[in-house]
Amino acid sequence: MSSFSLAVRDSSTMLRRNLLHARRYPSLTLNLLLTPVMLLLLFVYIFGDTMSAGIGGGGADRSAYIAYLVPGLLLMTIGSTTIGTAVSVSNDMTEGIIARFRTMAIHRGSVLVGHVVGSVLQSIISVVLVGAVAVAIGFRSTNATALEWIAAFGLLTLFALALTWIAVGMGMVSPNAEAASNNAMPLIFLPLISSTFVPVDAMPGWFQPIAEYQPFTPAIETLRGLLLGSEIGHNGWLAIAWCLALTVLGYLWSKSVFNRDPK
């Protein structure tokens, strides 16, 4: 077999291993999935009318705020799901299985690839589940064309890939699962200080740069534009640039730590 075929075979084996772990121990994924779902229900049914009136400057319209809120929460779902990836990688690093894999005749990169592909699949499934809840409570994307739906799916997948590589790096440098969970908290904290809940223009002037110059806000505005037909502007290119930069950074970081000789 060629080296590429061996890499694909070993990566597929590692992918099956991680998916089996996720299936046998679903509690972590479900707990992380509850955060965006609870925020969706909270902001729609408790704050929906008030937030909609404040943003629109007119009468309360909960359906309008659902449409505004959902794109940001879909991306928050990805950030929340990748925390589980950091924990899973940290467990592998601290429990000795990575050291054992290093001594086996397998492609070295297959361990990381298995984690990354498995996490991206879990993120997309989680997005679908949260999206189903959103549709059930009234979210509609009537203005999006088939091409825009494809672009939205591509953006979600690329964003999941970028955050997963960062989460893998965080997990590899964490001494235990608790530290990995804490280190990965920015992946769910950043959406809270982005344009998920209110427009950047509605924030205090001193806070607007914090919300604007981070990866979630341009990705949210791009996804919102694709699903709702609103203006995307330069956010599309910024979102892609952030995704590519985070993917490269996370890959190089993870590879460097993985290839480091164990102490």
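**A tour of the predicted model**

Residues are numbered from 1 along each chain as its sequence is written, and side-chain values use heavy atoms, with hydrogens and water left out.

Next, select the C-alpha trace, which spans about 65 × 35 × 35 Å along the principal axes of the protein.

Switch to a surface display and colour by accessibility: 47% of the 263 residues count as buried, meaning under 20% relative accessible area with a 1.4 Å probe and protein chains only. If you then show contacts (heavy atoms within 4.5 Å), 80% of those between residues at least 6 apart in sequence join residues at least 24 apart.

Now select residues 25–46, 66–90, 111–137, 149–173, 185–207 and 236–254, which an unreviewed UniProt entry lists under "transmembrane region"; such annotations may be inferred rather than shown by experiment, and the positions are given in the numbering used here, with feature names shortened.

Of these, take residues 185–207, where the chain is 17% helix and 0% strand and the end C-alpha atoms lie 20 Å apart. Finish at residues 236–254, where the chain is 100% helix and 0% strand, with 27 Å between the end C-alpha atoms.

Technical notes
This is a predicted model: local features need pLDDT of at least 70, side-chain atom pairs count only at pLDDT 80 or more; totals for chains, interfaces and linings use all residues. Buried means under 20% relative accessible area, exposed over 50%, partly exposed in between (1.4 Å probe, protein chains only). Helices (H or I, at least four residues) and strands (E, at least two) are DSSP runs, numbered from the N terminus.
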